[in-house]
Each structure stands twice: as structure tokens, then as C-alpha cells.
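Work through the exercises below with the model open. Try each task before reading its solution.

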Amino acid sequence: MTARPYTPDMLADRWQCSAETVRQMVKSGDLRGFRVGRMIRIPYDAVEEIECQTSQSDACAADFASTGTTKQGRGGAISLRHARERRPKRKAATDS
């Protein structure tokens, strides 16, 4: 049985970052993902690959072989930045 793909919100909760950060990682190619209509989904194995690249666990090294080079931030770790909080759009005032 294959694991269900993550939504950006689910992955943001797991990584303690914003969903927008996850979306930007997919858009930039730092994280493998796919679209279902307008929705973004991130495969379980893509999450494991990223987490194994950023951790020193021997279990990760045994489970996954290197998939090649990836874009990484300073120090070999992937940089997760929090997105600014968006303000709600103001409704236009209508004359009665």
C-alpha cells in the first residue's frame, strides 16, 4: 500500500512552517510535487527524500539512495522561510 500524498497544509504542520513556504518549494523545484487541478500534492517519498537529506539518521541512509543534487541553503540544509501573514482584502465601499 502506498502512502497518501501530503497537502501543503499537512506538510507545513509537519515541518512547522507555512503552507506558502511548501508551495514555493514545489514551485522552485526544491520539493517534488504535482497538481490535481489547482491543488498541489507532495508525494510521501519526496518528503522522505528531503527529510533524509537534512537529517543524519542511519535509517534514512539505508532506506533511500541518493537521487542526485538538490538546491540547498547554507550549511547543506534546506532553508525553510516563513511567509508573511496575509491581510484580508478590503471590501470596496459602495454608495447607496
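Helices (H or I, at least four residues) and strands (E, at least two) are DSSP runs, numbered from the N terminus. This is a predicted model: local features need pLDDT of at least 70, side-chain atom pairs count only at pLDDT 80 or more, and totals for chains, interfaces and linings use all residues. Residues are numbered from 1 along each chain as its sequence is written, and side-chain values use heavy atoms, with hydrogens and water left out.

**Exercise 1.** Find which residues of helix α1 are buried, and say why they lie on the same side.

Solution. 
- Apply the cut-offs: buried is under 20% relative accessible area, exposed over 50%, partly exposed in between (1.4 Å probe, protein chains only).
- In α1, residues 8-15, this picks out P8, L11, A12 and W15.
- They share a side of α1 because they cover an arc of only 105 degrees around the axis. The arc is taken from the directions from the helix axis to the C-beta atoms.
- Look for partners, with contact meaning heavy atoms within 4.5 Å. These buried residues pack against α2 (19-28), β2 (39-41) and α3 (44-54).

**Exercise 2.** Describe the residue Q16, which follows α1.

Solution. 
- Check the backbone: phi of Q16 is positive, near 55 degrees, and the residue is not glycine.
- Q16 counts as exposed because its relative accessibility is 67%.

**Exercise 3.** Is S18 buried or exposed?

Solution. 
- S18 also sits in the loop between α1 and α2.
- Its relative accessibility is 17%, so S18 counts as buried.
- The side chain of S18 makes a polar contact with the side chain of T21, at 2.8 Å. Such a contact is a pair of N or O atoms within 3.5 Å; within protein, one must be able to donate a hydrogen and the other to accept it, and residues adjacent in sequence count only if both atoms are side-chain atoms.
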